[in-house]
Each structure stands twice: as structure tokens, then as C-alpha cells.
Amino acid sequence: MSENGALPHRGKVLTVDTMNANVKKVDYAVRGPIVQRAVQIEKELKEGVKKPFKEVIKANIGDAHAMGQRPITFFRQVMALCTYPQLLDDNKFPEDAKNRARRILQACGGNSIGAYTTSQGIDCVRHDVANYIQRRDGGIPSDPDNIYLTTGASDGIVTILKLLTAGEGRTRTGVMISIPQYPLYSASIAELGAVQVNYYLNEEKCWSLDISELQRSLQAAREHCNPRVLCIINPGNPTGQVQSRQCIEDVIRFAAKENLFLMADEVYQDNVYAEGCEFHSFKKVLFEMGPEYSRTVELASFHSTSKCYMGECGFRGGYMEVINMDPEVKAQLTKLVSVRLCPPAPGQALMDLVVNSPQPGEPSYQSFMKERTAVLSALAEKAKLTEEILNTVPGISCNPVQGAMYSFPRITMPERAINEAKAKGQAPDMFYCMKLLEDTGICLVPGSGFGQRDGTYHFRMTILPPTDKLKIMLNKLKEFHQTFTQQYA
Amino acid sequence: MSFLREISPLVRNTFLSEKDVLLRLAAQIAAEIQQGERKDYIEVLDLSSGDLHRGGIKPITFVRQVLAACFYPALLEDDSLPLDVKERADDLLRQCDGGSVGSYTDSCGITKIKHGLSKFITRRDGGVPSSPDDIFITSGSQMALMFMLKLLVQSKVPCQTGVLIPVPTYASFNLALEDHGAVIIPYYLCEEQGWTLQVEELRRALHAGRKTCNPVALYICNPGNPTGHIQSRKSIEEVIRFAAEERLFLLADEVYQSCVYREDTKFESYKKVLSEMGSTISSTVELASFNSASKGFMGECGLRGGYVELVNLDPAVKEYTRILFSTRSSPPVGGQIALDLMADPPKPGDPSFLTFSEEVQSIKNMMCKNACRIQEVFAELPGISCQPLKAGFFVFPCLHFPPRAIKWAKKRQMEPDMLYCLQLLEETGLHVRPGCEYGQRKDSHHIRLLVATHEDIMEDALQRLKTFHMRFMKEFS
């Protein structure tokens, strides 16, 4: 420090050059630049700027409530009772809601959801999750000690990836993930400095998984990294495919043979619409394949309160079940989750309600089932509608939306448009989606954000807007595509 | 560890560490009491963690009413809820997409809530401007700290990134640092002077650190956990000047900012002091300040509401920060609402104001009384001394063990204060934490007790401690 007290010129400590290099590689298309532009346009609309549309339709993110889906009454009643227990004296609340609230509160420190919980999650909730899994999987036992409650499924996914990422250079952990994929995976892999190993889903065969493709991908990866993890999203995001039981068995067999840790992202497990499709949990199939597999294959499966019929994204509820994890690694996992103290207690309570929902005979059963069925059947209807309408558009081809909440249609783009995009330094489907946004107010996520085969272009659109709005949106999209194709012919 | 073998196999599980031994024993004793096994006490008294509600303090009524109405908007039609509760809930629901708290929010937090926080910060700091764009809401302040570490800690350098942290410091932060691959550079707080931060010690630590790593950040906890110390303005200025000279990123953990007991003591934020130090420093020193809804009078730990305010962050880095946050979807809505209510509580004239202020005052009075009572009791006990307790949730008294006690602990291959805590728990049912978990100077020993609890519980705890301590000291004298 010089005499007059002035400091020498101080460069910043944290700059783009000094920051963690891995963080710079992180990208998350679902909330990326196109969404930022959408938010900007919304502002402009509010300020009275004239546009060819009156509102922005945010079909970019899997947020059901944002698109008008109503929360399940029973769940919200119990959440209110847990939050403000005075309401337990209010006779407007059904007895079954009160019982669940009392049970949850008893398991919380000081009978309050404001207390820290243990880092693995409230004991009785983990027991309820284990019971749910057991029921779902036809009696195959689930150990509460293998259940970790998480802050949404994302938290669990990132934690497991972190646990498994090790090595340097050629021994660096490789993580196999489908293309297309939900970009949390690519983002986390980049953030952790792991190696992303792509395996392509087969668009021609309804986005199914070919073992030969897994094999090809693995072999190639072994040249430059140590592939240790195989991630699979079922039902799929963005593709919506629901894997057949045979496929799941094949994947398990493959993982066993190649010594891969299986991460099964099953957050859309209730979102199955197509005839002939059924959700098969990886755990169930694994155990039905006999002890040769069920005692050896390492598996983590993930679930969440954000999707299915609940749509409770804001609460950040989720869990993961870990199977056949090395005890020392599990100890590390337990330690790792303790660093962030605990998952949000309201999310844990909500997860409890999902796995312990009203049963036949309980006061809330009828209305609960009515609401649940309404949501799921609306989604099924919208899935079909989307596929139908999009397939009437020349230049758009949409695989059946078998499950989840999205369509991922392929678009044919005129050469001129592709060139203009490239000249701008934009991915062609980003160019397409940006134009779509500016012209129609519809916000989608370009396929480049999820990964796709070279030379192909897609977008991901949610099926969540209310049916009439969805129809309007799909027709606007149809019009746009035709105009766009003509414009760049 | 010989003592570990004495833990019931019922309670043992695959994850055993020294830190866990106390938790296991507490659980075991609680189970035994439930099964009717006779003990000299009817229950375990848990003063081990900074959890207001677990300690028996009731949540703030206004906060819970607003949350309940947000979770279940049918309550907005309810006559039983006060008008300001309903208005507040209604307003918050308008900020949520689809009018539901089940929607995702902006990754960095609901915009209006960030505005509320920035106003709160400006009021707190006597007018120093704060921008909502510099505020990032997270699932607890611990997550915000971890994000900062993620940005700061380089994973692929010839030289590892170092972070200066105080000794003592709370245990999970150490874990977070290890988790991110940072090198921990300890600097010792000066116990004899009331746990103050001495710049010479910072300098010593930094120079030592530079020999083995690349120190980039300086972490301060003010008010201190576990020390209960609050920094003077002069001390804060010294630290800022030190960070400026030595090019360190300041991480100011200020989650206990609203827990100050003494009339003569005032909390001043790092941001405020920074802003008043002349433009060269105030416009260059990089600072992240953390706050939370978990501490203070709200004590809503389980809701996970925290935030970080970033000062003088490089704009290019901020963009990456935003992207990083976006991968975590959004912070839990319950926590965001709690933060909003913390930042903008009921005002005089509001229907809920009376109840609200009574509840808050009663908690404040309780903490003040406890702080006095603790110091009274410790003053009378031999072999235990305590620095003046000024702020925060805990007290961290020093135990002066007779040499025989030290020998005894050595024989059992355990830290003396850990063994003290285990015996204390076993014999009196009082659960507190040992100083070895937080770090302390060699051959010094401490325990950490929660102060933020009911006066009766505090009294009960102090009596149990007193009885045990007298016996212990006598036995080993």
C-alpha cells in the first residue's frame, strides 16, 4: 500500500479466467437464451408494445401448474395443516388429511416443519417411500435405509454423479447418457468435469434404445475415458418414449456385463399414455431377473413431486433409492448429503403424501382419485392431440408421445434457413425457435439443447397448456412452419 | 475407539465417525428411556444444534398463516385468518406462475421477493443501495456458500485453491470445503480477547497458506458460530482492508445478524462498512454476504430459505453464476416466502403486528435472559470460563481440564472434550457438542451449547451441567 493510502490497481479475484473452468462449460437450454428473450417479450407486451400475438405461451418447461393445472386438493390441505397446525381444530379439513399431518409433524423436531430434519430425510417418510416402492413393484422389498429424500430429483442425480466422478485423463469417469437427453445431465457432467458419453436413441423406431448402439458408444468411449455410469430416463425426456420390459432387461444385462452403475430417472412414472405401453421400474425388472443380477447390479432410481399428476415443482420434493451400493461408497453418500444439511421439509412432507395417498374407504379418496384421473387423462388426450396435429404438417414429423410431458418432433429446415442460422452463429433449430417466438409468442426449446443426430433438427414442446390453448398453439405452429418453409424456399 | 464398542448394536450403522458417536448415544438413550429403562433423568435435553423449533420455540404465527394460505389458497376465504395475512398470501400467489406455489420460479428466486430483500438490505444498511440482480436465493444459505465455492475453487490447477476459515468454525462448512476440493487455511480467533479476529493472525495464516496452495477467499462468520462474538466496526474495516491488499474474495456469513443480545452491541454488515471505506476499496473488493430464514427469530431451518448478495462481482462471472443456478431449477418456494416475510414483516397498524411483535420480543428477551444466566452460572463454576456472549445462537465456553482428565481421555483415544460430552450425556441426558468438532487451539477444550431455547430448558440444562461439571472436576482433581 503506497504512502497516501491508495491501493495499487486491483484486478478482480474472481474473473472468467480464475473461476472454476468446469462451470464455464455448463449450459441448460430449458432456461437458456430463448427463455430470456421470452421473458423480455412478456415485459414488452406489458408495456404495450404491439406484437403479432397477445401473450407468450411458455411451452418450454415441464411446469404443469404454470400452465393452469390445479394442485391436488388433498395434498395442499395436508401441507396447510402441517404448516399451521392450528387448522387441526378446523372442521373444514377431512380427518384423513389431519391424520397424515399429525403423523408428519410428530416426526419433525419440535413438531414443526421448520426444524432441520436428518440429512437423509424424515424417517417415517423414508419408510413410507419404501412401502410405496414395495407395493408398486409387486412386493419386492425396499429398505428405508436405501432411500434418500432429495431436493427435487435433480439434487439426487447430481449427488450420485458427483459420487461416481473420479479419475484423471484416460481414467476419468465417463457417463453414458441418451441423445436426446434432459440437459441437467450434460450440465452436471460438465460441471463435475466428467466425460459425457452419448448413445443415440433410435428416432425411426419411436426413440427406442438399441443395445448395439450402447455397445458401440461404450467401446468408443473406452478409448479415452473410463465409462462407469449409464443414465436412462424412462419415460423419456424429451422424447416421451416408454421403454418396453424387454428393453429394460437388456439394459440391465448390458450394465451387468459391462460393470456400469445404472441411474434410472423415473420421474415421469405415472405419465404413461399410449396403448400397449406400461411403466416398468428398473428395480422391479432387476429383481425379477434373479439373484445373479439383483444382488450385483448397482442401481439408483429417482422420483420427484414435480411431474406425474402432482406437478409440485416449487416444493422441491424427491427421493432416490440406491441398490447394491458398496457400503463404503454409501457411507460417503451419506456424508455427502449431510453437507447441504437437509432437503426442504415441506418437499419431504409432500413426497410422503404422494407415496401415501388416500386409500379406498378414506374420506378424501373419491375426490382425490377424481382429480388424479382428470389430470392424467387430460395429459393423455393432449399427447394424442399433439402427435396428430403435428403430423399433419408437411416438414414436421412427430413420434407418438407415449409418456412424460413433451413432444420432440423433427423439423425439416430449408437449406437457406440453415445457412442463415449458421452465418449468425446459431444452431439452425435455435434460429427456427427464435423466429417462432418473435412471430407467434410460442416459446419452445430447440433440439440442439437436448442433443440430436447431426443434420437433424427438432424442438421440444410441452403438452401442458390447457387443451384449447394447446390446439391453438399447435395450429399456429403449423401455420408458422408453412410460412417459414415458403420464406426460405 | 474403545467407547464405540459400548454403543448398542441397535443403534450402530455403517457410518460411524467420531462426530456421530454423540448422536448415536443420544438416540440410544432416548430409545432406552422410551423402553422404560431407569435413568436419573426423564428425557434427553438436546442443545446440540442451532434449531429453534426443535428446541421448543414456536414458529411465528404470521409466517405460518401466510405459508398455509399460500399452500392452500382456499384459506383466503377463511374468516379466521387476519386481513394482512390474506393480502400478503394473495400478493405472493400473484408472483407465482399459474397462481400456484407448485410452479417453478426464476432460478435465482422470485423477482418481487428479491426486490423485497434488496429493500430490507438497504434499510438495514442505512440507505446503501442494493440491487435485486445481485441477490441469489437458494435452498438455505449453505447452498449459496457451496455455489460460491464452486465458482471460486479451481479443480484443474497445478496449485489448489485455498480458503481462509476461522477456528473455531461450524462443522458442516469444513465438510463443504473438503467436498469442493478447497484447501482449508485456518486462522485462529483470539479467545482471550473475546474471540476477536486479529489481522496479524490473518496475515500469518495467509503466508503459511501461500506455501502450499493458492488462497483466493476469506470466510468470516459474523456474528460468530460457535463463538457468539460480534465484530466491531474497526475489525470489519481491518478485514476488508486486508482482503483488498491481499486480493481475497470475502465470504461474509451473516446468518445470525438479527440475534444480538446487548443494547451496547450493534450488528454492522460487511456491505455497509465496505460502502463507507472510500471508492477505491468500496468499488473493488469482492464480497458475498449470506443470510437465511433459518436463524433469527423465525428459525425456519426446515423450509430452506437463504440468499447471497454479491458485491463487485465481475459481470462476466455473474452470467455464469446465473447459468449455474438455472441448473438447479428453483429454490424451494416455502423458503422463498419465509425470506420475504423476514424482509418485510408486519408493521405497526397491521392486524398481525401486535401478535407478531410480542412473539419476536419474547424470543429476544428469552435469548438475552439466557445469555445472562449462562454467564452467571459459569462465573461460579471452577474450570469453566466463558467469553462475553454478545450474539448468535450459541455459547462456546472453555473447559480447563485437570491433567488427570487429559490423561484419562488420552488413554481412551478420544478428545477430552468429546469424552466430557459423552459422559455428560450419559449421566445427565444433556446433549451438547464438543469443541473438537469446530477446531480449537491445541490443548484447549470447549463445548458448544444452544442459547436460543426456553428459559426453563436453559435453567434445566445449566443445572445438569453444573452438577456434572462439579463432580467431574472433583473426580479428576
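Me: How is chain B divided into domains?
Reply: Chain B has domain 1, covering 8-57 + 357-476, and domain 2, covering 104-343. Bear in mind that this is a predicted model. The C-alpha centres of domain 1 of chain B and domain 2 of chain B are 28 Å apart.

Me: How many residues of domain 1 of chain B are in contact with domain 2 of chain B?
Reply: The contact involves 30 residues of domain 1 of chain B and 32 residues of domain 2 of chain B.

Me: What area is buried between domain 1 of chain B and domain 2 of chain B?
Reply: General idea to begin with. Interface size is often given as the accessible area lost when the parts come together. For domain 1 and domain 2 of chain B, about 2,600 Å² is buried. Carbon and sulfur atoms give 60% of that area.

Me: How many salt bridges and polar contacts does the rule find across the interface of these two domains of chain B?
Reply: Between domain 1 and domain 2 of chain B there are zero salt bridges. Polar contacts link 13 residue pairs there, both partners at pLDDT 80 or more. On the side of domain 1 of chain B that touches domain 2 of chain B, α13 (353-380), β10 (394-395) and β14 (445-450) each give two or more residues. Helix α13(B) gives the most, with six residues. By class, that side has 16 nonpolar, seven polar and seven charged residues.

Me: Now chain A. What are its domains?
Reply: Domain 1 of chain A covers 21-68 + 368-487, and domain 2 covers 116-355. Their C-alpha centres lie 27 Å apart. The contact takes 37 residues from domain 1 of chain A and 39 from domain 2 of chain A. About 3,100 Å² is buried between them, with 58% from carbon and sulfur atoms.

Me: How many salt bridges are counted between the domains of chain A?
Reply: The count is two. In chain A, E203(A) forms a salt bridge with R410(A), and the closest N and O atoms are 4.0 Å apart. The domain interface of chain A also has 17 residue pairs in polar contact, both at pLDDT 80 or more.

Me: Which elements supply the side of domain 1 of chain A that touches domain 2 of chain A?
Reply: Helix α14 (365-390), β10 (406-407) and β14 (457-462) of chain A each supply at least two residues. Helix α14(A) gives the most, seven residues. That side of domain 1 of chain A divides into 19 nonpolar, eleven polar and seven charged residues.

Me: On to the chains. How many residues of chain A are in contact with chain B?
Reply: The contact joins 76 residues of chain A to 84 residues of chain B. About 6,600 Å² is buried between the chains, and carbon and sulfur atoms give 57% of it.

Me: How many salt bridges are counted between chain A and chain B?
Reply: Four. K162(A) forms a salt bridge with D179(B), with the closest N and O atoms 3.6 Å apart. Several elements give two or more residues to the chain A side, among them α3 (73-83), α6 (152-164) and α12 (327-338) of chain A. The largest share, seven residues, comes from α3(A). The chain A side divides into 36 nonpolar, 22 polar and 18 charged residues.

Me: Backbone next. Where are the cis peptide bonds in N234(A)-P235(A) and V167(B)-P168(B) placed?
Reply: Look at omega. The bond from N234(A) to P235(A) is cis, with omega near -5°. P235(A) sits in the loop between β5 (226-233) and α9 (245-258) of chain A. V167(B) and P168(B) are also joined by a cis peptide bond, with omega about 5°. P168(B) lies in the loop between β3 (161-167) and α6 (171-179) of chain B.

Me: W195(B) has a positive phi; is the residue buried or exposed?
Reply: Phi of W195(B) is about 65°, although W195(B) is not a glycine. W195(B) is in the loop between β4 (183-188) and α7 (199-210) of chain B. W195(B) counts as buried because its relative accessible area is 4%, under the 20% cut-off.

Me: And D443(B), buried or exposed?
Reply: D443(B) counts as exposed, at 64% relative accessibility. D443(B) also has a positive phi of about 65° without being a glycine. Its place is the loop between β13 (433-434) and β14 of chain B.

Me: What is I406(B) in contact with, beyond its neighbours within four places in sequence?
Reply: F401(B), P416(B) and H445(B). I406(B) and P416(B) are ten residues apart in sequence, and their C-alpha atoms are 5.9 Å apart. I406(B) belongs to helix α14 (residues 403-411) of chain B. I406(B) is partly exposed, with a relative accessible area of 30%.

Technical notes. Residues are numbered from 1 along each chain as its sequence is written. Chains are lettered from A and ligands numbered from 1 in the order in which they are written. This is a predicted model: local features need pLDDT of at least 70, side-chain atom pairs count only at pLDDT 80 or more; totals for chains, interfaces and linings use all residues. Side-chain values use heavy atoms; hydrogens and water are left out. Domain bounds come from an automatic or database domain assignment. Contact means heavy atoms within 4.5 Å. Buried area is the accessible area (1.4 Å probe) that two parts lose on being put together, summed over both. A salt bridge is a side-chain nitrogen of Lys or Arg within 4 Å of a carboxyl oxygen of Asp or Glu. A polar contact is a pair of N or O atoms within 3.5 Å; within protein, one must be able to donate a hydrogen and the other to accept it, and residues adjacent in sequence count only if both atoms are side-chain atoms. Helices (H or I, at least four residues) and strands (E, at least two) are DSSP runs, numbered from the N terminus. Ala, Val, Leu, Ile, Met, Phe, Trp, Tyr, Cys and Pro count as nonpolar, Asp, Glu, Lys and Arg as charged, and the others, Gly among them, as polar. Buried means under 20% relative accessible area, exposed over 50%, partly exposed in between (1.4 Å probe, protein chains only).
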